[in-house]
Amino acid sequence: MAALRYAGLDDTDSEDELPPGWEERTTKDGWVYYANHTEEKTQWEHPKTGKRKRVAGDLPYGWEQETDENGQVFFVDHINKRTTYLDPRLAFTVDDNPTKPTTRQRYDGSTTAMEILQGRDFTGKVVVVTGANSGIGFETAKSFALHGAHVILACRNMARANEAVSRILEEWHKAKVEAMTLDLALLRSVQHFAEAFKAKNVSLHVLVCNAAAFALPWSLTKDGLETTFQVNHLGHFYLVQLLQDVLCRSAPARVIVVSSESHRFTDINDSSGKLDFDRLSPSKNDYWAMLAYNRSKLCNVLFSNELHRRLSPRGVTSNAVHPGNMMYSSIHRSWWVYTLLFTLARPFTKSMVSERLLAFSAIKTVSASLRTGPGETQTPFSTHWSLVRMSLVLTTALSGC
């Protein structure tokens, strides 16, 4: 109560008084957990009532959430010029008790992104989506724009990107949406995009790394790397590195890396268990399009995990997401065989209108199991690959730029 009184919130009707030695805390996502200083443990449930809680709504006017050098969240009251480690919204928590499952889940395969975002206001938030002129990227960008966010479509083909911008503006003429050039197959283009974005002097709250190439014939980029690997992974890796300082200044912020379940069907280590760089950017004789795609998606997952480990203490979280096995998009356009297979399977797939996972992931964590808190870590997949190793690849590639 002393902490509540210091925060100016001692006038509360809460009946959940904590036992001696216990402290109430919140995660960055607003979930309440309890610390037992006597036994040095934490738990989600209230020690007396057994209830789980979360804070409701935004911070009061004049309050701001920040993170100290140790990664601890604290709150600044700019009106009264004071700081506290106590979330001022703790006086207005709501119960989050699990209910019995119903015959229909809250979200399922027919849920749309617009339904997920219903009632949410992203005014003042800046979102960058790569490959946003079609498919999953377009639906994600449109959903954010129609809910008030300032959305930047980062695309290689500016003609198609501008068409996408026009389509969004047709739905809502007040949408804040624009297109910028980004060619992930050219590291110089990635650098130029980052420089142009920084010149805008805006924040970056959500970065969706969505663009991808699939079933490409073997080719090398101008940077001397296999195209699938560079477009799907290395280009995004470089983009995040260049915008990392902006993300940290904009915290809380989030990076969404679009991966795939196919990451499970490959490996990037040699027979001795060591990282095999030749598998990442293979020669023409060792190239198989599907395997190259799988490896690039595995790199996405490993990168996202390591990025989260490094930046989450600074208020930047990262999630790798799988958009669904039965999702029809235009990613198959590079080879007629895959186009035929996708066309035959189309009656059994979800359409882009039902695409919803990416937009949801950028608002909340991908699933409850990824929620960071006591006893939980952001590890949706089992293996981690250090950013240092990826930096070696990047350094080698840039040495010839």
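**Loops, helix packing and cores in a predicted model**

Colleague: K81 is found in the loop between β6 (73-77) and β7 (82-84). Does K81 count as buried or exposed?

Modeller: The model is a predicted one, and the values are computed from it. The relative accessibility of K81 is 74%. The cut-off for exposure is over 50%. K81 therefore counts as exposed.

Colleague: What is the phi of K81 near?

Modeller: Most residues other than glycine have a negative phi. K81 is a residue other than glycine with a positive value. Its phi is near 55 degrees.

Colleague: In which loop does E40 lie?

Modeller: E40 also has a positive phi, near 55 degrees, and is not a glycine. At 72% relative accessibility, E40 counts as exposed. Its place is the loop between β2 (32-36) and β3 (41-43).

Colleague: Which residue does a cis peptide bond join to A251?

Modeller: Most peptide bonds are trans. Here omega is about 5 degrees, and the bond is cis.

Colleague: Are α6 and α8 roughly parallel or roughly antiparallel?

Modeller: Helix α6 (residues 227-249) packs with helix α8 (residues 289-311) at an angle of about 15 degrees, and their axes are 8 Å apart. Angles under 35 degrees count as roughly parallel. The angle therefore makes the arrangement of α6 and α8 roughly parallel.

Colleague: How many charged residues are in the contact of α6 with α8?

Modeller: The crossing of α6 past α8 is right-handed. From α6 the contact includes F229, F237 and V240, and from α8 it includes Y293, K297 and F303. By class, the contact has 10 nonpolar and 7 polar residues, and the number of charged ones is 1.

Colleague: Which residues in α4 does α3 meet?

Modeller: Helices α3 (residues 135-145) and α4 (residues 158-171) pack at an angle of about 40 degrees, with axes 10 Å apart, and their crossing is right-handed. The contact divides into 5 nonpolar, no polar and 3 charged residues. On the α3 side are F138, A141, K142 and A145; on the α4 side are A164, R167, I168 and E171.

Colleague: What separates the C-alpha atoms of A213 and V231?

Modeller: A213 is in the loop between β12 (206-209) and α6, and counts as buried because its relative accessibility is 10%. Leaving aside neighbours within four places in sequence, A213 is in contact with T228, V231, N232 and Y293. A213 and V231 are 18 residues apart along the chain, and their C-alpha atoms are separated by 6.5 Å.

Colleague: Which element gives the most to the largest nonpolar core?

Modeller: This core has 43 residues, and those with the most contacts inside it are V128, F193, F197, L204 and V255. Elements that give two or more residues to it include β9 (126-130), α5 (187-199), β13 (253-258) and α8. With 12 residues, the element that gives the most is α6.

Technical notes: Residues are numbered from 1 along each chain as its sequence is written. This is a predicted model: local features need pLDDT of at least 70, side-chain atom pairs count only at pLDDT 80 or more; totals for chains, interfaces and linings use all residues. Side-chain values use heavy atoms; hydrogens and water are left out. Axes are lines fitted to C-alpha atoms, for helices over the stretch in contact, and angles run from 0 to 180 degrees between N-to-C directions. Helices (H or I, at least four residues) and strands (E, at least two) are DSSP runs, numbered from the N terminus. Angles under 35 degrees count as roughly parallel, over 145 as roughly antiparallel, 65 to 115 as roughly perpendicular and the rest as oblique. A crossing is left-handed if the near helix is turned anticlockwise from the far one by less than a right angle, and right-handed if clockwise. Contact means heavy atoms within 4.5 Å. Ala, Val, Leu, Ile, Met, Phe, Trp, Tyr, Cys and Pro count as nonpolar, Asp, Glu, Lys and Arg as charged, and the others, Gly among them, as polar. Buried means under 20% relative accessible area, exposed over 50%, partly exposed in between (1.4 Å probe, protein chains only). A nonpolar core is a set of buried Ala, Val, Leu, Ile, Met, Phe, Trp, Tyr and Cys residues joined through side-chain atoms within 4.5 Å.
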